Amino acid sequence: MVFLKFADPVLKDYIKSHSLPQIYEALLIGLFVQCPDDSLKYLEEKIKELQSKMKNYQLLLSNARGLDLSWDMFIADELRQRMTKMIGSYLSYLFDLESGEVLAPQLYEKAYFFHSNVLLRRCFCGWKLYIEKLRKYQMKMLEYLSKADHFYTKKKLKVAFNTWMKWVQFQKMQQSLAVKHLQHVSDQLLCKIILQLWSALAKETRKTREYFDRLERGELDDESDTQLTTPKNLKDIVSTLPWSVELKIFSYLGVKELVRSAQVCQAWKVIAQTSSLWSKINFSPVRKQIEDNDIANLLRSYRPFVIQLSFRGCSNIGWATFKSVSDCRNLQDLNLTECAHVTDEFVSMVVEMCTSLLYLNLAYTTISDGTLRSLSKFGLNLQYLSLAYSKKFTNKGLHYLATGKGCHKLVYLDISGCTQISVRGFRSLGIGCSDIEHLVINDMATLTNSCISVMVGYYYNLTTISLLASPHISDAAIKALVQGKRITKVKIEGNQHISDASLKMISRNCPNLNHLYVSDCPRITDNSLKSLATLKHIIVLNISDCISITDGGIRNFMDGPSASRLRELNLSNCIFITDLSLLKIAQRCHSLTHLRLRYCERLTDSGIEWLGNLPVLNTIDLTGTNIQEQSLGGLSNNTRIIEFTVAECSGVTDIGLQKFCHKMYDLEYLDISHCLQVSDFSTKTLAFCCRRLISLNIAGCPKITDLSIQYLAGVCHYIYFLDISGCVNLTDSIFNFLTKGCKKLRVLKMLYCTNISQEAVKAITNVQHLEYNDENPPLWFGYDNEGNELVANMEDE
């Protein structure tokens, strides 16, 4: 609101005529700009200065119009140059007077640009809004077009799909008719094949029964042929097979068989000389027949292709062999275990020339520090090294490994039985081989906690540790092993110091543990199994000879997550476990394949019978248990059993064994040694049903006679291992049966066979390993040299 808008016109004219707004404006602007310390004094001075220019007050009023009253008259010169009048007098506005002031050109220019910018902004915003609306409209139109196109395409696809569905239904109807016809033909062919196989099996079974009946009637003498079928005309069927099949067949042959096969015919010679068959050569089976020059000539022919060589137990190899081995530049795996004539010079020559060597086994050799020095120089790619039971190298040799360029890539190290290594040697192993993942230190009576501590402190990638027969280590060593490591497999055996604290640390620090072998550690109790119950990946658990384990510990472990994953379980000599543990195993361990319960004397038939319900169980060891006929019949429900051991079980009789063998068509390994009640009746059923037997142990069965061997030799033609020690009723006649029927027999044990003569034993030629004596059975066999039980004789007396 204007201050004097409604004032008297005379007052307005007076104020205007005396230029009061200009005077006030000049004083106020000077006051604002100069900012004096004393404002009143400043105003007083300026008014006096204005009065001094007048002669008197009246003259000032009469000539006020003629005075030069500019707005900056009271501003200093230095400030006046920087001051510019921006707008008209505000006092004139207050007094409702015309200002009469003219704005500066700069302000007009700024006002023009401001106005033009505003107009430009408005135009741009209007244009932008128009473009946005236009784009939205276009997008909407494109969306409508896309929907229309999609609808049209979908309609066409629907028409095509309906047509195709009709065609498919027609084709399915045609195919179903064709399948019915083909199924009918297939069923007829399958029935024909089944009938043919059934007929062949029935004929073979009838021949087998006739053979056994003739044996029982005595119509077959010792010279009769034990083969039930006569061989047909021999033909070279191998040469007609595809090349890949021929190579697969010949890959199962050893060095001796390949050399002999090359002499059969030209076709077999071509196959036997194929380079892929000679990439892996094992001279161990022929170590007693082959000579040094023969090995050298053979390696000289196939040296570019040889990748793996095994001279295990070859004591007749020398310089010629190792010179040929050094020429095999692609060699990756070399096994020199138990080679008596291996020297540092030979090994150095091979290691220096074979730069691709990854695996080297020097167990049971006489190598010394010179070999380790060569490995430290030239074994740049070596990853697996075994020095087990090589006792001639010292800490100095291990120092070479720590300071040299080689062996820094080792991931597997075996120093079992090397008792000459001290703490300094173990420290060298830790420094030089820090990438070790698998460490084996078995049979080390001198191994202490300090040895483990100074070595494993450098092993950050350790996953497997084996400390079998190391009695002096304690929980401190286990703590050093598992802290900060990724341990997955632990083996400890024969230790009196390892306690529950060790297994508690293992379960806490090794969440990925899958293999635990803690045998013959009497301080291990149920608390250990309770700690292990938290682990999720255990597939192998061996706590044999831990005599403090009870049903409570087994129950705690079986309630954990690893029970359903468990594949192998060994509870041998855990004397306090009962049928409750077997019930828990049968309920939880559905993946169990191997179970050993040796000398668990508190188990009964009821508990053992439950094991027959385990779906994939194929290996059972019940040595020294109270197994009877009932449990043998229950175990027969599991027809997957391949290996079965009931040695030293007094409750095993012919009836129980017949119940078990009745369905065991896949049985390959059977041990019924020292079962005194077993006789020819059970071996007849065994031979009739279990024709795939590979290993049979009937040692300590005094009721076995020549008739049992004749049964077995007539049907079980795949037997590789046979132990008849202590069968005092066997005579020399069995060799005729074994020679004709068991042509694959390679291991034969005949200890304490009093009725077998040395002359007959000397005539055996096809057996590779033979053990024989004609001494009387020892007292612990439980019977005399005529098969009479010793306990029965004492009771009669």
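Where does Thr 205 have its place?

Author: Thr 205 is in helix H7, which covers residues 105–217 (helices are DSSP runs of H or I with at least four residues, strands are E runs of at least two, and both are numbered from the N terminus). Quick housekeeping: the model is predicted, so local features need pLDDT of at least 70 and side-chain atom pairs count only at pLDDT 80 or more, while totals for chains, interfaces and linings use all residues. Residues are numbered from 1 along each chain as its sequence is written, and side-chain values use heavy atoms, with hydrogens and water left out.

Back to your threonine. Its relative accessibility is 16%, so Thr 205 counts as buried (under 20% relative accessible area; over 50% is exposed and in between is partly exposed, with a 1.4 Å probe and protein chains only). Leaving out residues up to four places away in sequence, Thr 205 touches Phe 688 and Arg 691 (contact means heavy atoms within 4.5 Å). Ser 606 is another story: 401 residues separate it from Thr 205 in sequence, and their C-alpha atoms are 34 Å apart in space.

Asp 774 is partly exposed, at 38% relative accessible area. With residues up to four places away in sequence set aside, Asp 774 touches Cys 753, Thr 754, Ile 756 and Gln 758. Phe 170 is 604 residues from Asp 774 in sequence and 82 Å from it, C-alpha to C-alpha.

Since a cysteine just turned up, what about sulfur bonds? The structure holds zero disulfides (a disulfide needs two cysteine sulfur atoms within 2.5 Å). Cys 123 is in none, and the nearest cysteine sulfur, in Cys 125, is 9.4 Å away. Cys 123 is exposed, at 54% relative accessible area. Cys 328 is buried, at 0%, and its sulfur is 6.5 Å from the closest cysteine sulfur, in Cys 354, which is too far for a bond.

Helix packing is worth a look too. H16 (residues 423–432) and H17 (residues 449–456) pack at about 20°, with their axes 7 Å apart. That makes H16 roughly parallel to H17 (angles under 35 degrees count as roughly parallel, over 145 as roughly antiparallel, 65 to 115 as roughly perpendicular, and the rest as oblique). On the H16 side, Val 423, Phe 426, Arg 427, Leu 429 and Gly 430 make the contact, and on the H17 side, Ser 450, Cys 451, Val 454 and Met 455 do. Buried in H17 are Cys 451, Ile 452, Val 454, Met 455 and Val 456. Their cover includes H16, strand S7 (438–440), strand S8 (464–468) and helix H18 (475–482).

Then there's H21 (residues 551–558) with H22 (residues 579–588): their axes come within 9 Å and cross at roughly 10°. H21 and H22 are therefore roughly parallel to each other. Asp 551, Ile 554, Arg 555 and Met 558 of H21 meet Leu 580, Ser 581, Lys 584, Ile 585 and Arg 588 of H22.

Definitions and conventions. Axes fitted to C-alpha atoms, helices over the stretch in contact; angles between N-to-C directions.
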